[in-house]
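Have the model open beside you as you read.

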Amino acid sequence: MMKSFCAAALAAGLLIGASVAIPGQARAEAAIDLSAVLTANPDGGDALAAAIADLITNSSDPVAAAEAILAGLESATPAQKAAVGKGLGMAASTLGLSNPEHAAKISDLVASAEPSVKDAYASTVSSGESSGEGAPGGTAPTTVVGVNGGTQSSGGTASPN
């Protein structure tokens, strides 16, 4: 009986370990890509914002990718941090079309980021700017959860919770 219990516990442990492999992989991929995009965009700007949005929206785990990107900003310049905030906002707006839960989780992550990242994120979300994945022209009507927990529609006004 003890042998069966140990075998079952080992099997459960292996299944649990397998279920966390993908988010870890997404974090590792985002960390590698973040270094490359920061190096390629030393002055920040729209190209960096678009690259960050693409990294997140094309990730197998967008929330883990956003988390890894936020964790990797210690050596980024202020302009790069602002561009990353904008990219996070673009990604959240795009994800809000198909997966509002991911958009809300990214918002929660940004809430604890430094002010320049939060400000750029909030400005982007309030303007409704997206990465262009969801609609032609680069913007899409959507509702996302803002940094302060309220919601924002791309074509309207903020509504507090």
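Let's start with a charged pair: Asp46 forms a salt bridge with Lys86, and their closest N and O atoms are 2.7 Å apart. A salt bridge here is a side-chain nitrogen of Lys or Arg within 4 Å of a carboxyl oxygen of Asp or Glu. The pair links distant parts of the chain, with Asp46 in helix α3 and Lys86 in helix α5, 40 residues apart. Asp46 itself is exposed, at a relative accessible area of 55%.

A word on the source: this is a predicted model, in which local features need pLDDT of at least 70 and side-chain atom pairs count only at pLDDT 80 or more, while totals for chains, interfaces and linings use all residues. Residues are numbered from 1 along each chain as its sequence is written, and side-chain values use heavy atoms, with hydrogens and water left out.

How many salt bridges does a search of the whole structure find? The search finds three, listed here.

| Asp46 | Lys86 | 2.7 Å |

Is Lys81 buried or exposed? At 12% relative accessibility, Lys81 counts as buried, whereas Glu114 is partly exposed at 36%. For these words, buried means under 20% relative accessible area, exposed means over 50%, and partly exposed lies in between (1.4 Å probe, protein chains only).

The pair of Glu101 and Lys105 stays within helix α6: the two residues are four apart, which puts about one helical turn between them. An α-helix has 3.6 residues a turn, so residues three or four places apart point the same way. Glu101 is exposed, with a relative accessible area of 51%, and Lys105 is partly exposed at 36%.

Now for the wider layout. The chain has seven helices and three strands, and from the N terminus the order is α-α-α-α-α-α-α-β-β-β. Helices (H or I, at least four residues) and strands (E, at least two) are DSSP runs, numbered from the N terminus. Helix α5 (residues 78-98) has 21 residues and reaches 31 Å from its first C-alpha to its last, close to the 30 Å expected at 1.5 Å a residue. That expected span is 1.5 Å times one less than the number of residues. Because 16 of its 21 residues are buried, α5 is largely enclosed by the rest of the structure. Helix α3 (residues 45-57) spans 19 Å with 13 residues, close to the expected 18 Å. Buried residues of α3 include Leu48, Ile52, Leu55 and Ile56.

Which residues have the most contacts inside the largest nonpolar core? They are Ile52, Ile56, Leu88 and Ile106, in a core of 30 residues. Such a core is a set of buried Ala, Val, Leu, Ile, Met, Phe, Trp, Tyr and Cys residues joined through side-chain atoms within 4.5 Å. At least two core residues come from each of α2 (21-40), α3, α4 (62-71), α5, α6 and α7. Leaving aside residues up to four places away in sequence, Ile52 touches Leu34, Val37, Ile69, Val84, Gly87 and Leu88, where contact means heavy atoms within 4.5 Å. Of the 161 residues of the chain, 40% count as buried.
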